[in-house]
Amino acid sequence: MARRDSRRQPRPAVAVGVCPCGTGLPYEDCCGRLHRGEAQAPTAEALMRSRYAAFAVGDPDYLLHSWHSSTRPARLRLDPGQRWTGLEVVATEQGGLFDSTGTVQFRAHYRDGAGAGSMTERSRFVREDGRWVYLDVDKP
């Protein structure tokens, strides 16, 4: 398993104090540890929260690193005009410490040139090489 360079700091799109993932913890002690490669997400929900935070701070490398190898795009460009403003976890199924699959439904709020908006998604997660990764959107 390739380890990310722990010296690399994400380029924040906004000043980061409290982690954008919604836990209320400082970013450096929460998702920042995952983004720097110092820790791995213990659950599917924790990975989803860390991926949301990566969108919020502008860290496409982490997003690609946490994507399943079979569905990962070759590159990822984030919209610099979009600001992620809040996350609500709606539901989780499996995705715990001893599971190998899980789903997380969430609502992510954002602001862009057109104003405020939100998106709801039900994401599927699996373990790959022992770590949680994002697989794809669960389509009904």
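**Notes on the predicted model**

1. Let's start with Met-48. Leaving aside residues up to four places away in sequence, Met-48 touches Leu-87, Val-89, Val-104, Phe-106 and Phe-125; a contact here is a pair of heavy atoms within 4.5 Å.

2. Some ground rules before going on. This is a predicted model, where local features need pLDDT of at least 70 and side-chain atom pairs count only at pLDDT 80 or more, while totals for chains, interfaces and linings use all residues. Residues are numbered from 1 along each chain as its sequence is written, and side-chain values use heavy atoms, with hydrogens and water left out.

3. How far can you trust it? The average pLDDT (the predictor's confidence in each residue, from 0 to 100) is 90, and 88% of the residues score at least 70. The stretch to watch is residues 1-14, with pLDDT below 50; it still has 37 contacts in the model beyond near neighbours in sequence. Where pLDDT is low, the predicted coordinates should not be read in detail.

4. Back to the core. Met-48 belongs with Leu-47, Trp-84 and Phe-125 as the residues that touch the most other members of the largest nonpolar core, which has 21 residues. Such a core is a set of buried Ala, Val, Leu, Ile, Met, Phe, Trp, Tyr and Cys residues joined through side-chain atoms within 4.5 Å. Two or more residues each come from helix 2 (44-57), helix 3 (60-65), strand 1, strand 2 (101-112) and strand 4 (131-137), and helix 2 gives the most, with 6. Helices (H or I, at least four residues) and strands (E, at least two) are DSSP runs, numbered from the N terminus. Another core, of 7 residues, lies apart from this one and includes Cys-19, Cys-30, Cys-31 and Val-57.

5. Now the strand pairing (DSSP must find at least two bridges between two strands). Strand 2 runs antiparallel to strand 3 (residues 115-128) over 12 bridges, and the two form a hairpin with 2 residues between them. Asp-112 stands opposite Gly-115 there. Strand 3 and strand 4 are also antiparallel, joined by 6 bridges, with Glu-128 opposite Arg-131. They too make a hairpin with 2 residues between them, and Asp-129 in that turn has a positive phi of about 55°.

6. Not counting residues up to four places away in sequence, Gly-86 touches Tyr-52, Arg-107, Ala-108 and His-109. Its C-alpha is 9.2 Å from that of Ala-56, 30 residues away in sequence.

7. The loop between helix 3 and strand 1 holds two residues worth a look. Ser-66 lies in that loop and is buried, at a relative accessible area of 1%. The C-alpha atoms of Arg-77 and Asp-61 are 9.9 Å apart, with 16 residues separating them along the chain.

How values were computed
Buried < 20%, exposed > 50% of the residue type's maximum accessible area, 1.4 Å probe, protein only.
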